[in-house]
Amino acid sequence: SKRWNIMDRLLGAIAAAFRDTIGGWLTIKTKHYYDAELENVRSTNARAIEEIKAHFAHELEYLKSELSAKSKEVEALRAASLGARAARQALLDKRRLEAVDQIWSTIKELASGKLAVNMLPFLRDNPWAMESTTNPYIAELLKSLAIKPLVDGNLENQAHGARPYVSPTAWGLFSVYASVIAMVKLNIAFLNSGLPPTAINHDREIMDLLIAAAPTHQSYIESNRVKSYALVIEEIEKQLLVELQRSLRGEDNDRDEVERAANIMGMVRDVSLNWTKALTPRDTAGDT
């Protein structure tokens with residue numbers, strides 16, 4: 001039995017050694033397998049990542065190329081738009097300059113009428129002005145003052161093409177200036193025809209136009225009536241010059257100024273219609 005105990009111990013020691021050897025070998029073998037598999041997975045993932053990177057790099061380059069092309073198109077369109085806008089602006093600036101020149105040239109032609117405006121109170125206050133039908137000197141004087149009474153509106157038509165390119169206020173002031181001088185010259189033309197001053201008194205209409213264009217002078221106009229015309233006409237000319245300069249700079253009128261200009265133009269239109277009716281010969285078809 002002692003021998004069998006020794007054998008059992010020997011076999012147990014051999015089995016334990018064999019177990020440890022096999023276990024170590026299996027552990028190493030298993031670790032090597034999993035290390036190889038892990039390396040294989042890493043390698044596969046690395047290749048996949050590189051492929052994805054290459055794909056996205058290609059896509060990124062394509063997008064950059066597309067974006068560059070679109071940017072060039074946008075720049076081309078922007079340049080064309082800016083060029084067209086600049087060309088339109090240059091054309092508009094040129095037309096504004098021509099419009100201001102048209103109006104101011106007309107003002108210079110109308111300026112000769114300011115002598116008539118200055119003379120009207122003197123002619124109204126002197127009875128000898130009624131001698132025009134019998135005194136050739138007086139007739140010649142009145143004729144020279146009333147020349148080009150603007151009944152046909154030629155000068156206004158000359159400047160009419162400028163209207164879209166100047167401010168409403170500028171056009172309103174110009175219209176009052178031209179209308180008042182025209183009406184004063186017509187007054188003198190009537191005097192030259194021998195009509196008494198009371199027959200051609202349209203002072204209220206002229207005064208209303210002057211007040212509309214120069215409201216700060218209303219008290220002066222109401223107090224001095226015909227004698228106020230000359231000074232107020234000069235004031236309107238100064239205002240018009242300022243407004244034309246604003247038009248050259250492209251400055252717009254505010255809402256109140258636009259409404260005021262519209263009211264002025266409405267008054268000019270009404271006065272023109274009234275004067276046209278007054279100057280139109282009555283129908284005499286039934287008198288024969």
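**Notebook: contacts, salt bridges and helix packing**

I began with serine 167 and, leaving aside its neighbours within four places in sequence, found it in contact with Glu243, Ser247 and Asn253. The model I am reading is a predicted one, and I keep that in mind for every entry below. Serine 167 sits in the loop between helix H4 (154-160) and helix H5 (168-192). I looked up its accessibility next: serine 167 counts as buried, because its relative accessibility is 6% and the cut-off for buried is under 20%. With glutamate 243 there is also a polar contact, in which the side chains of serine 167 and glutamate 243 are joined at 2.8 Å.

**The whole chain**

I then stepped back to the overall make-up, and counted 9 helices and 0 strands in the protein. Read from the N terminus on, the elements run α-α-α-α-α-α-α-α-α. Of the 288 residues in the protein, buried residues make up 30%.

**Salt bridges**

How many salt bridges does a search of the whole structure find? The search gives 12, and I followed up some of them.

In one of these, the side chains of lysine 94 and glutamate 98 meet at 2.5 Å, N to O.

Another salt bridge is formed by arginine 204 with glutamate 222, whose closest N and O atoms are 3.2 Å apart. This pair links distant parts of the chain, for arginine 204 lies in helix H6 (residues 203-213) and glutamate 222 in helix H7 (residues 218-224), 18 residues apart. I found arginine 204 partly exposed at 36% relative accessibility, and glutamate 222 partly exposed with a relative accessible area of 33%.

I also looked up glutamate 251, which forms a salt bridge with arginine 249, the closest N and O atoms being 2.8 Å apart. Through shared partners, salt bridges join Glu243, Arg246, Arg249, Glu251 and Glu257 into one network; Glu243 is also the residue that makes the polar contact with serine 167. Of the pair I started from, glutamate 251 is partly exposed, with a relative accessible area of 33%, whereas arginine 249 counts as exposed at 53%.

**Glutamate 237**

Is glutamate 237 buried or exposed? Glutamate 237 counts as buried, because its relative accessibility is 16%. Its place is in helix H8 (residues 229-248). Leaving aside neighbours within four places in sequence, I found glutamate 237 in contact with Trp104, Ile107, Lys114 and Tyr177. With one of these, lysine 114, the side chain of glutamate 237 makes a polar contact of 3.0 Å. I also noted phenylalanine 174, which is 63 residues from glutamate 237 in sequence but 8.0 Å from it in space, C-alpha to C-alpha.

**H6 against H8**

Coming back to H6, I found this helix mostly covered, as 9 of its 11 residues are buried. Among the buried ones are Ile206, Met207, Leu209 and Leu210. The axes of H6 and H8 come within 10 Å and cross at roughly 35°, and the crossing is left-handed. Which residues meet there? Asp203, Ile206, Met207, Leu210 and Ala213 in H6 meet Tyr229, Val232, Ile233, Ile236 and Gln239 in H8. Sorted by class, the contact of H6 with H8 has 8 nonpolar, 1 polar and 1 charged residues.

**A backbone entry**

My last entry is arginine 225, placed in the loop between H7 and H8. Arginine 225 has a positive phi of about 45° although it is not a glycine. For background, most residues other than glycine have a negative phi. At 36% relative accessibility, arginine 225 counts as partly exposed.

Definitions and conventions:
Residues are numbered from 1 along each chain as its sequence is written. This is a predicted model: local features need pLDDT of at least 70, side-chain atom pairs count only at pLDDT 80 or more; totals for chains, interfaces and linings use all residues. Side-chain values use heavy atoms; hydrogens and water are left out. A salt bridge is a side-chain nitrogen of Lys or Arg within 4 Å of a carboxyl oxygen of Asp or Glu. Helices (H or I, at least four residues) and strands (E, at least two) are DSSP runs, numbered from the N terminus. Buried means under 20% relative accessible area, exposed over 50%, partly exposed in between (1.4 Å probe, protein chains only). Contact means heavy atoms within 4.5 Å. A polar contact is a pair of N or O atoms within 3.5 Å; within protein, one must be able to donate a hydrogen and the other to accept it, and residues adjacent in sequence count only if both atoms are side-chain atoms. Axes are lines fitted to C-alpha atoms, for helices over the stretch in contact, and angles run from 0 to 180 degrees between N-to-C directions. A crossing is left-handed if the near helix is turned anticlockwise from the far one by less than a right angle, and right-handed if clockwise. Ala, Val, Leu, Ile, Met, Phe, Trp, Tyr, Cys and Pro count as nonpolar, Asp, Glu, Lys and Arg as charged, and the others, Gly among them, as polar.
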